[in-house]
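Here is a quick tour of the structure for anyone about to set up calculations on it.

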Number of protein chains: 2
Amino acid sequence: MNGAESLVHTLADAGIEVIFGNPGTSEMHVVAALDREPKMRGVLCLFEGVAAGAADGYARMTGKPAATLLHLGPGFANAISFLHNARKGGQPVVNIVGDHASSHSRYPQAPLTSDIMAITGSVSDWVHHCNGAQEAAGDGARAVQAARAAPGHIATLVLPADAAWSEGCAPAPALPATSPRPVDGAIIESVAAALRNGKRSALLMRGACLQAVGVEAAGRIARRTGARLLHDYFSPRVTRGEGLPEVERIPYFSEQAVDCLKGLEQIVLVGAPAPVTFFAYPDKPSWMTPDGCALLTLAEREDDTVGALLALADVLEAREPGETVRRVIPGLPAHGPLDPDSMGAIIARLMPENAILSDDSLTTGPGMHKSLRFGPRHDWLILTGGAIGHAPPMATGAALACADRKVIAVSGDGAAMYALQSLWTMAREKMDVVTIVCANRSYNILNIELGRVGAFNPGPKTLEMLDLRNPTLDFVKLAEGMGVEASRAETTTEFAAQFADAMQVKGPRLIEAVLA
Amino acid sequence: MNGAESLVHTLADAGIEVIFGNPGTSEMHVVAALDREPKMRGVLCLFEGVAAGAADGYARMTGKPAATLLHLGPGFANAISFLHNARKGGQPVVNIVGDHASSHSRYPQAPLTSDIMAITGSVSDWVHHCNGAQEAAGDGARAVQAARAAPGHIATLVLPADAAWSEGCAPAPALPATSPRPVDGAIIESVAAALRNGKRSALLMRGACLQAVGVEAAGRIARRTGARLLHDYFSPRVTRGEGLPEVERIPYFSEQAVDCLKGLEQIVLVGAPAPVTFFAYPDKPSWMTPDGCALLTLAEREDDTVGALLALADVLEAREPGETVRRVIPGLPAHGPLDPDSMGAIIARLMPENAILSDDSLTTGPGMHKSLRFGPRHDWLILTGGAIGHAPPMATGAALACADRKVIAVSGDGAAMYALQSLWTMAREKMDVVTIVCANRSYNILNIELGRVGAFNPGPKTLEMLDLRNPTLDFVKLAEGMGVEASRAETTTEFAAQFADAMQVKGPRLIEAVLA
């Protein structure tokens, strides 16, 4: 058994079921080893960003890591931006990065020789250079363990080609994963006491506690104490909709976020950091906790946030279910131009239960998010680290993880151009994903931000740098070029018909939604 | 004048004429400053890799840096792979990377906060974090100076948003660029003596000496001494064709490369490193200099390679012009399937003088390169660092640099999917580029490499990871989706007609060449 085979068996034994790959020559033995390991599936991606973004989406929906297979320093580099998003979201990913054979690394003149440890180290929580085939299995087990440490980490194993092709040892047994840290009873008591002090309070939640069990517990606490339930705009995964207590989302723009938090006297952090703005703006604070508001920490992000909320509810004797969302099925909007609200209403009316929304649409997303407030139960995923283009690759990974659920990727048109190669993988794997490109023909968020950062009276060169009109992108052709059926909707009527159709059929689909 | 304006004026005064940008909120003041600086042009790219690859292509054709404008750590990360190529090719690039305002960087929870110095440092020769608006101009001048140091470097200035929007100082004057180091006369004498010793010799050239003046001098030396003229497969730019001495290219595959170098008793390095293989293979040497062959260095890569060859020719009294290429216009191949040789013959027959070939087609490129051996004068550019996808972005930058020359980008189909967004910029800027996608429907190089690295008897999972057939990519639709006229050629007749047509018209065009 060569090193690559011992590594692949080790990863599979540790629970890695899928590897999103964009391999090259130095990874050929790892690819070949997949044929000897029935527990692991290889999914080909045409760009490394797709592999990384898909691994993130997979982790969000399964709670466990997928692997990526990447080609030396430059190949890994193409994955960094979405690994950054995964890292910000506390998601586990195991990267296997081929490198030159150790005898070859001494030659800086070889084109693909790079400072691979600097490139991989720039975004990894755990990084290791495998010292030989005999160590590949052990290193693989440690990589999975590192990735699974709560809440989830980026673990990167650099595998020289000779460590892949030389004689390895037997596969290594899986190492125990560090479970999320239980929260000390004294902390729970003290937070419970604080929530009884009559102050205007909120729980600010992030992580696993934003799925059904945690949200339900939070709902009971809210009912018992009057605390508001909040999550930050860029939470990695939020389960919401019918039958669950509503957790309010703190808005993106800082003025609205400040309004949202106004009047709070204490904020209990449950796996969440203190809220700050996305960007800084001249003469505006980044820190969003209201003056005089106390910040209490119930759980850090590596803690068991769900257990902490359950325990807190117990201590508070919060047994009565919180107020839950009752589904409201909106009417179809009148025939007319498409906007975020009308699109949202159509989606809220027509989408099935348990859909997964993968959102990267900064100027369209909020309207849609609002419309789905009373929608069927769904999961909302977003680009946690602000690296744009993430909606299609994240949807790819989510669809692979949840083959029985409809995935809806919603992307701005500017954002969609970063990792659109995802569509090809969706087509190849016949994934049940409808990708909606919200085509406002501009980097619309930047037109808004331009004034907000104080760059007033923009001239023609400035405006051209934010404009996507010349030429107009044709997402129908782009999708068809990658084997995905596609259509364009310019009115509410067209969008409703096309979206309804997409909901009836399984398989990949793209709708270019031209916004008024 | 704010910091961004002082920086932009400084860059323009130092000779930066174009900035390839994919900006976000934190770069809005730099974008706005472009309207106040008529000497600098902003070119919008839909993905950071396009910006970096274009800057590389621009540098290769002008010998001077363009700037890129990138969005924080993740935006820079998307540019790393092509910056790696530029760095390996010794090309100058000035990256301006927006960062959070300094007051905001203290918040690790802000989504876009990353270890930006680690990310930028992983591929930059010079990297600096601007400490405030008053320093932006001076930093900009230093960045250009660092980029222009011979042979050309990656210089990265991280510009916090508040250093852009706060009051800056006056633009800084350009700093002197370090010229290429002249080569000492004693070295030239000693190499001249060696070339008179009767041993079988070759000059291995790289850098500026592979353009007309250097090649012409090398031709005289070859004629005088009998030395062969060689360059490595991944040389950043080679001027060749009609009227110039031929410089042989060392082949990609190591067996062929070893054959090419066989029998040499001394190799004179002129700006080139000692030859090594691209990858290592089991039980094969990476080092390609024949046993017992002496390696002499005439010039390092930071030296004046052209001056060194001119001086060497003088010392050798090598006044008679070397044998030069006489153009052979091949007949059009008979009607039949397309292959690298027939495509090459068609291109060699129909392409105009002074075309620029931007090549990223590992299994098709060699045939085409051979066909152009007796073609009209042209420049050949290739992915110097092995990070694939580079042909379209490099063509974008080359076309901007040389608006009066036809640019021909030749890409494999796998490679074309990495930075195809380049087509949109070509369409927007009406660039005179024809992109040829060599569609063999696979990562063909990997099918070859699989056996070469010893991964024999590949199973179905392995083969699927190298296959691009399911679904078939439609590059005509992909190009049209980005506003570029496109067609598909499945025979020599179709390709000849489409290529001839593309040569008659100015403007962007794509041909999907389906290979047999």
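## The nonpolar core

The largest nonpolar core runs to 276 residues, and the ones with the most contacts inside it are Phe20(A), Phe495(A), Phe499(A), Phe20(B), Phe495(B) and Phe499(B). Keep in mind that this is a predicted model.

Take Phe499(B) and look around it. Leaving out residues up to four places away in sequence, Phe499(B) touches Ile346(B), Ile347(B), Leu350(B), Met351(B), Ile408(B), Val434(B), Ile436(B) and Ile511(B).

## Two copies and how they meet

How many residues of each chain take part in the contact? There are 100 residues of chain A in contact with 100 residues of chain B. Between them the chains bury about 8,300 Å², with 64% of that on carbon and sulfur atoms. On the polar side, 54 residue pairs are in polar contact between chain A and chain B, counting pairs with both residues at pLDDT 80 or more. Helix H2 of chain A (residues 28-34) gives the largest share of the side of chain A that touches chain B, with five residues. There are also six salt bridges between chain A and chain B. One salt bridge to look up joins Lys477(B) to Glu480(A), where the closest N and O atoms are 3.2 Å apart.

## Charged pairs inside chain A

Side chains of opposite charge can pair when their charged atoms come close. Over all chains, the structure holds 63 salt bridges.

Start with Glu246(A) and Arg373(A), whose side chains meet in a salt bridge at 2.7 Å, N to O. Glu246(A) sits in the loop between strand S9 (237-240) and strand S10 (248-249) of chain A, and Arg373(A) in the loop between helix H14 (365-371) and strand S14 (378-382) of chain A, so this pair ties together parts that are 127 residues apart in sequence. Are these two partners buried or partly exposed? Glu246(A) is partly exposed, with a relative accessible area of 33%, and Arg373(A) also counts as partly exposed, at 35% relative accessibility.

Next comes the salt bridge between Asp432(A) and Lys406(A), at 2.8 Å from N to O. Asp432(A) is in the loop between helix H17 (422-428) and strand S16 (433-439) of chain A, while Lys406(A) is in the loop between helix H15 (391-401) and strand S15 (407-412) of chain A, so the pair ties together parts 26 residues apart in sequence. Both Asp432(A) and Lys406(A) are buried. As for helix H15(A) itself, 10 of its 11 residues are buried, so it is mostly covered.

Glu512(A) and Arg441(A) form another salt bridge, again listed at 2.8 Å, N to O. This pair links distant parts of the chain, 71 residues apart: Glu512(A) is in strand S18 (residues 509-514) of chain A, and Arg441(A) is in the loop between S16 and helix H18 (444-452) of chain A. Glu512(A) counts as buried because its relative accessibility is 0%, and Arg441(A) counts as buried at 13%. Elsewhere, Glu255(A), Lys284(A), Glu449(A) and Arg452(A) are linked in a network of salt bridges.

Where does Thr113(A) lie? Thr113(A) is in the loop between strand S4 (93-99) and helix H6 (116-121) of chain A. Thr113(A) is buried because its relative accessible area is 13%, under the 20% cut-off. Its side chain reaches the backbone oxygen of Tyr107(A) at 3.0 Å. Setting aside neighbours within four places in sequence, Thr113(A) is in contact with His100(A), Ser105(A), Tyr107(A) and Pro108(A), and also with His84(B) and Lys88(B).

Val514(B) has its place in strand S18 (residues 509-514) of chain B, and is buried with a relative accessible area of 15%. Leaving aside neighbours within four places in sequence, the contacts of Val514(B) include Leu338(B), Ala439(B), Arg441(B) and Glu490(B). C-alpha to C-alpha, Val514(B) and Ala52(B) are 29 Å apart in space and 462 residues apart in sequence.

Definitions and conventions
Residues numbered from 1 in each chain as written. Chains lettered and ligands numbered in written order. Predicted model: local features only at pLDDT ≥ 70, side-chain atom pairs only at ≥ 80, totals over all residues. Heavy atoms only, no water. Helix = DSSP H or I, 4+ residues; strand = E, 2+ residues; numbered from the N terminus. Buried < 20%, exposed > 50% of the residue type's maximum accessible area, 1.4 Å probe, protein only. Polar contact = N/O pair within 3.5 Å; in protein donor to acceptor, adjacent residues only side chain to side chain. Contact = heavy atoms within 4.5 Å. Core = buried A, V, L, I, M, F, W, Y, C linked by side-chain atoms within 4.5 Å. Buried area = accessible area lost by both parts, 1.4 Å probe. Salt bridge = Lys/Arg side-chain N within 4 Å of Asp/Glu carboxyl O.
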